Amino acid sequence: MTTADPTPDRGTAPSSVVLPRPPSLAPLLARGVLRSPFKRPGPDAPFPRTRLVLPSLRVDLGRLAAYERVCGFPTGEDALPVTYPHVLGFPLAMRLMSGGDFPLPLLGLVHTSIDITRHRVLPATGTYELTVYVAGTAAHRRGTEATVVTELRSAGGETVWASTSSYLARHRTDGAGAGERPGRAPARAGHERWPLPAVEEWRLAGDVGRRYGAASGDRNPIHLFALTARLFGFPRAIAHGMWTVARCLAAHGTPPAALVRAEFRAPVLLPGAVTYAADDIGRFELRAAKDGRVHLSGEVLPLLT
């Protein structure tokens with residue numbers, strides 16, 4: 001049941017739509033692609049105010065194990081990897097972003113950053129309530145950026161995990177956008193950027209995108225084959241951004257209560273070789289093994305409980 005306004009604007013009060021099950025991703029992707037040419041992105045455009053809610057969510061342990069294997073997390077533990085709730089919420093986010101009332105075209109939309117707050121370790125066998133909504137849009141120096149929030153609550157109603165993702169639609173602008181999400185905290189004072197110490201070199205197989213797509217449900221064609229990636233301007237398939245951050249966090253480790261910040265800077269071509277680098281104050285990055293180009297940068301901050 002919903003009380004959503006069919007033509008929402010910034011003054012419309014949010015409403016909730018309770019879903020009986022997660023939506024299927026393939027039709028949503030197709031719908032979003034077909035609607036993309038008709039979108040006119042801009043920071044002042046109306047955006048959907050609906051909150052999608054999935055109550056009594058239980059994790060499919062088989063799919064979780066496949067995700068853990070492809071990302072490098074330990075398998076068989078009764079604990080969700082810190083990035084896994086994003087996978088659970090992605091179908092709901094896709095339903096919002098493929099809708100006619102979402103102002104940005106899904107085709108060409110770039111996931112630029114994610115902040116994750118985990119308050120405690122989450123049992124894989126637990127029952128949760130999942131909520132996803134669009135928090136707003138903002139001007140960016142390269143176009144318009146939308147902010148999508150995902151929240152996971154325990155059976156008792158406590159928020160145990162939340163993320164904020166930024167998605168960029170590139171289009172012509174006057175260059176005045178800040179390019180920084182409102183409310184995003186600055187990097188740690190006193191720690192200007194310098195190359196992080198290399199820890200490991202990873203050689204990535206050409207099927208990483210297909211394996212992650214099978215585990216996560218995100219089968220965007222740019223990640224699957226060189227042929228389908230070329231249709232969108234890439235010379236080869238590219239790794240999912242969320243796979244790169246998950247793979248780094250599997251190597252880095254995350255405290256039970258933590259804030260994770262990650263920025264996606266450049267696509268990782270498959271197959272390829274990358275360098276995982278990290279320091280002792282919680283920063284990490286993924287660089288091209290050949291020329292040192294930074295694909296991903298991030299940090300892990302412990303939370304006081």
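In the predicted model, arginine 118 stands opposite alanine 258 of strand β8, a contact between strands that belongs to the pairing of β3 (residues 110-118) with β8, which run antiparallel and are joined by six bridges. Strand β8 itself spans residues 258-264, and because six of its seven residues are buried, it is largely enclosed by the rest of the structure. Strand β8 is also joined to β11 by seven bridges, again in the antiparallel sense, and within this pairing arginine 261 has glutamate 299 of β11 as its bridge partner.

Strands β10 and β11 (residues 294-302) run antiparallel and are joined by five bridges; in their hairpin, which has five residues between the strands, glycine 292 takes a positive phi near 80 degrees. Strand β10 pairs as well with β9 (residues 272-278), in the antiparallel sense and over five bridges, with alanine 288 of β10 as the bridge partner of valine 274. The hairpin of β9 and β10 has four residues between the strands, and there glycine 282 adopts a positive phi near 100 degrees.

For β10 (residues 283-288), six of the six residues are buried, so the strand is largely enclosed by the rest of the structure. In a regular strand the side chains alternate between the two faces of the sheet. In β10 both faces are covered, with Arg283, Glu285 and Arg287 buried on one side and Phe284, Leu286 and Ala288 buried on the other.

Aromatic contacts were examined next. A search of the whole structure finds four aromatic pairs. One of them is formed by tyrosine 67 and phenylalanine 73, whose ring centres lie 6.3 Å apart with the planes at 15 degrees, so the pair is stacked; both tyrosine 67 and phenylalanine 73 are buried. The rings of tyrosine 67 and tyrosine 84, by contrast, have their centres 4.9 Å apart and their planes at 65 degrees, so this pair is edge-to-face. That pair links distant parts of the chain, as tyrosine 67 lies in helix α2 (residues 61-71) and tyrosine 84 in helix α3 (residues 84-97), 17 residues apart. Tyrosine 84, like tyrosine 67, is buried. Ring pairs link Tyr67, Phe73, Tyr84 and Tyr212 into a cluster.

Contacts between charges and rings are also found. The charged end of arginine 51 sits over the ring of tyrosine 133, at 3.9 Å from the ring centre, and that of arginine 247 sits over the ring of tryptophan 202, at 4.0 Å from the ring centre.

Key:
Residues numbered from 1 in each chain as written. Predicted model: local features only at pLDDT ≥ 70, side-chain atom pairs only at ≥ 80, totals over all residues. Heavy atoms only, no water. Buried < 20%, exposed > 50% of the residue type's maximum accessible area, 1.4 Å probe, protein only. Helix = DSSP H or I, 4+ residues; strand = E, 2+ residues; numbered from the N terminus. Pairing = 2+ DSSP bridges. Phe/Tyr/Trp six-rings, centres within 6.5 Å; stacked < 30°, edge-to-face > 60°. Lys NZ or Arg CZ within 6 Å of the ring centre and 35° of its normal.
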